[in-house]
Amino acid sequence: MAAENSKQFWKRSAKLPGSIQPVYGAQHPPLDPRLTKNFIKERSKVNAVPLKNKKASSFHEFARNTSDAWDIGDDEEEDFSSPSFQTLNSKVALATAAQVLENHSKLRVKPERSQSTTSDVPASYKVIKSSSDAQLSRNSSDTCLRNPLHKQQSLPLRPIIPLVARISDQNASGAPPMTVREKTRLEKFRQLLSSHNTDLDELRKCSWPGVPREVRPVTWRLLSGYLPANTERRKLTLQRKREEYFGFIEQYYDSRNEEHHQDTYRQIHIDIPRTNPLIPLFQQPLVQEIFERILFIWAIRHPASGYVQGINDLVTPFFVVFLSEYVEEDVENFDVTNLSQDMLRSIEADSFWCMSKLLDGIQDNYTFAQPGIQKKVKALEELVSRIDEQVHNHFRRYEVEYLQFAFRWMNNLLMRELPLRCTIRLWDTYQSEPEGFSHFHLYVCAAFLIKWRKEILDEEDFQEQQWWEKSLAEGRL
């Protein structure tokens, strides 16, 4: 009798444990019920095992092994080829196909731009008021942000972003409307930033998985220690620090032509055009003049290290983030001559101070003999030897020194290996960590090696620098 009831149970259950189940969605269209039925029949023939041989030793084990058998009703005649399944699948398939066609058609439609642009700015760009300036003048969270997504409810899908040249991220104008989760996170940032005393620990916690584009400038100023947590003190702090920076310009910049500073200025002048050569923004003469002033003043005020090649790269993320306060989209092609003098001065001063805060934590990377980099490369070697001994031994077998490839990773903080938009996202996390640019950076470098361990283990000739450069360019390392 028990055996008969067992057979009736499996007969009633159209869905056997571990069987294929229809999954509905854009990437998983409904299964063809006829194919599903045939596949189940063929599978049942191949894997047919007497039921008594698979008898469970206990009820709990039986319940675990057959948990998915209870997902459907007890209709005895239920079958995947029934008319109800066919009707459901057809409707879902048609709806999915229509949605895909609609999404593809939106890709061809350019977003309508607001006509309320400044008279002296081309129509392709919009200059807006700095979100941080608005926040400093008001205490309301709504005034500290500009959100172009409020202007239209449905925006076209974001086009494919080139690997190197594209800076803007998923929250830039022209991106798909924000999800509920993104809106919730943005509102959380608004509340934190508009509070009388911003909770920096909570801000770091929220910033670790990434900072929304709309609030990134003021968040970076706070995380770097450039701005105070107290909202009432921020306006005066910004005004004082910006005036202090341009006081340095008046005091020191003319000395660049003096003999004992000529070598420093000459090296800076050579390196600036090499900074992100594929991005038009950084090839503009006005931008290069700003970078020259920032780097020269920093070198004069830090004689222990002076200017070292690689520091020029560290200005670019700050410059782009603070520029994004005034430019709504397409930052990499924006003509900075369209900005007012006050806007440019604010961007320049803020970039200088935030870069200085960053370098304060890793200055031994750039002092004589660069001992900081030497120690970090050694620490990376020890870390990899613990977490992936096979990769470490592979390097030793082929006499590969970590300094050969990791020196640039430490000197430029991976900026030569990653697109700028990825660097900006990575720095969200770095600035959320107490020692992100010095200690946490080691784990990111180790993650690179583990990610591409297969390609490393397959390689036997590491001696040519071209292998590393080619692997990095192709995204293999």
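**Exercise 1. Classify Lys188 as buried, partly exposed or exposed, and describe the salt bridge of its side chain.**

Solution. In this predicted model, Lys188 has a relative accessible area of 33%. Buried requires under 20% and exposed requires over 50%, so Lys188 is partly exposed. Next, consider the partner: the side chain of Lys188 meets that of Glu202 in a salt bridge, at 3.8 Å from N to O. Lys188 belongs to helix H6 (residues 180-194) and Glu202 to helix H7 (residues 200-207), so the pair ties together parts that are 14 residues apart in sequence. Glu202 is likewise partly exposed, with a relative accessible area of 24%.

**Exercise 2. Determine which parts the salt bridge between Arg216 and Asp428 ties together, and whether each residue is buried or exposed.**

Solution. The closest N and O atoms of Arg216 and Asp428 are 2.9 Å apart, and the two residues form a salt bridge. Arg216 lies in helix H8 (residues 216-223), while Asp428 lies in helix H17; the pair therefore ties together parts that are 212 residues apart in sequence.

**Exercise 3. State how many salt bridges the structure holds, and name the residues of the network that joins Arg221.**

Solution. The structure holds 19 salt bridges. One of them links Arg274 and Asp271, whose closest N and O atoms are 3.4 Å apart. Here Arg274 is exposed, at a relative accessible area of 51%, whereas Asp271 is buried, at 3%. Salt bridges with shared partners join Arg221, Arg242, Glu325 and Asp350 into one network.

**Exercise 4. Describe the surroundings of the Trp353 ring.**

Solution. The whole structure contains 24 aromatic pairs. Among them, Phe352 and Trp353 lie 5.0 Å apart, centre to centre, with 75° between the planes. An angle over 60 degrees counts as edge-to-face, so this pair is edge-to-face. Both Phe352 and Trp353 are buried. Finally, Lys241 lies over the face of Trp353, at 3.6 Å from the ring centre.

**Exercise 5. Locate the bend in helix H18 and identify what covers its buried residues.**

Solution. Helix H18 (residues 436-451) bends by about 30° at Leu442. Leu442 itself is one of the buried residues of H18, which also include Phe437, His441 and Phe448. The cover over the buried residues includes helix H13 (341-360), helix H14 (371-387) and helix H17 (420-430).

Technical notes:
Residues numbered from 1 in each chain as written. Predicted model: local features only at pLDDT ≥ 70, side-chain atom pairs only at ≥ 80, totals over all residues. Heavy atoms only, no water. Phe/Tyr/Trp six-rings, centres within 6.5 Å; stacked < 30°, edge-to-face > 60°. Buried < 20%, exposed > 50% of the residue type's maximum accessible area, 1.4 Å probe, protein only. Lys NZ or Arg CZ within 6 Å of the ring centre and 35° of its normal. Bend = angle between axes of the 7 residues up to and from the residue. Helix = DSSP H or I, 4+ residues; strand = E, 2+ residues; numbered from the N terminus. Contact = heavy atoms within 4.5 Å. Salt bridge = Lys/Arg side-chain N within 4 Å of Asp/Glu carboxyl O.
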